[in-house]
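Visitor: I'd like to go through this one piece by piece. Could you put it up?

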Amino acid sequence: GSTKTLRCSASNRRTTSTNLETKVGRGLRTRRPPKRSKISISKIMSKILVTGGFGYVGSRLVPHLLGLGHDVRVLDLMLYTEAGLEALKADPKWPEYEKRFSLVRGDLRDAEKVREALAGRDAVIHLAAISNDPTGDIDEVLTRQVNFDAVGMLLALAKEAGVKRFINASSSSVFGARTESEINERLEPEP
């Protein structure tokens with residue numbers, strides 16, 4: 001049959017009708033999408049670096065990743081507290097986790113510490129940041145160095161190290177102070 005191009009209004013992406021449906025006799029039959037290879041997320045992201053792994057989000061994510069069986073390395077300056085590390089070590093599963101966990105104490109702005117943390121990693125989950133506007137206002141230069149400059153360096157060094165997946169976490173702060181009642185990912189960022 002013929003292949004028609006459709007424009008999906010919701011996502012504004014193009015697709016072909018042969019992937020979606022085929023006219024057969026008197027009715028319309030939906031064709032199943034091609035089978036995707038069954039690649040486990042564990043195989044894609046087995047050795048993970050979590051930057052800021054003992055911050056607010058990281059201290060919850062790291063034990064979760066370890067519980068899923070991943071090998072997790074954390075790069076964290078441990079600037080404010082060691083509560084996240086202490087909580088991880090207090091977890092009853094720590095003896096199991098300890099075999100798949102490593103910590104690089106260091107600053108995201110330090111290229112050598114970043115290289116050390118990236119060695120042998122398949123994926124990066126980037127959480128390290130100077131968070132929230134009041135904290136950023138205390139030292140705007142430091143905030144730019146950590147939240148912008150160091151991220152570029154991290155990306156370049158991750159590529160150099162052969163990292164296959166890079167997840168950059170963000171917060172709603174990227175949308176700035178808005179007047180809209182509904183804030184969603186389709187809005188233009190105004191940090």
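Visitor: How many helices and strands are in the protein?

Guide: The protein has seven helices and nine strands. Helices (H or I, at least four residues) and strands (E, at least two) are DSSP runs, numbered from the N terminus. This is a predicted model, where local features need pLDDT of at least 70, side-chain atom pairs count only at pLDDT 80 or more, and totals for chains, interfaces and linings use all residues. Residues are numbered from 1 along each chain as its sequence is written, and side-chain values use heavy atoms, with hydrogens and water left out.

Visitor: What order do the strands of the open sheet have?

Guide: The order is E7-E6-E5-E8-E9, five strands with parallel pairing. Two strands pair if DSSP finds at least two bridges between them. E7 and strand E9 (165–168) are at the edges with a single partner strand each, so one side of each has no neighbour in the sheet.

Visitor: How many bridges join E5 to E8?

Guide: Four, and E5 and E8 run parallel. Leu49 stands opposite Val124 in E8.

Visitor: And which strands does H7 touch?

Guide: H7 packs on the sheet and touches E5, E8 and E9. Its direction makes about 170° with that of E8. Axes are lines fitted to C-alpha atoms, for helices over the stretch in contact, and angles run from 0 to 180 degrees between N-to-C directions. Helix H2 (residues 58–67) lies across E5, E6, E7 and E8, at about 160° to E6.

Visitor: Switching to H5. Which of its residues are buried?

Guide: Val114, Ala117 and Leu118 are the buried residues of H5. They cover an arc of only 95° around the axis, which puts them on the same side of H5. The arc is that of the directions from the helix axis to the C-beta atoms. Buried means under 20% relative accessible area, exposed over 50%, and partly exposed in between (1.4 Å probe, protein chains only).

Visitor: What do the buried residues of H5 pack against?

Guide: Strand E5 (47–51), strand E6 (71–76), strand E7 (101–105), E8 and helix H7 (140–160). Contact here means heavy atoms within 4.5 Å.

Visitor: What caps the N-terminal end of H5?

Guide: Asp110 does, with a side-chain oxygen 3.0 Å from the backbone nitrogen of Glu112. Just after H5, Gly120 takes a positive phi of about 75°.

Visitor: Next, Arg121. Buried or exposed?

Guide: Arg121 counts as buried, because its relative accessibility is 6%. Arg121 sits in the loop between helix H5 (111–118) and strand E8 (123–126).

Visitor: What does its side chain reach?

Guide: The Arg121 side chain reaches the backbone oxygen of Ile48 at 3.4 Å. Residues touched by Arg121 include Asp71, Arg73 and Val163, leaving out those up to four places away in sequence.

Visitor: Where is Ser46 found?

Guide: Ser46 is in the loop between helix H1 (41–44) and E5. Ser46 is partly exposed, with a relative accessible area of 26%.

Visitor: Which side chain does Ser46 make a polar contact with?

Guide: That of Asp122, at 2.9 Å, through the side chain of Ser46. A polar contact is a pair of N or O atoms within 3.5 Å; within protein, one must be able to donate a hydrogen and the other to accept it, and residues adjacent in sequence count only if both atoms are side-chain atoms.
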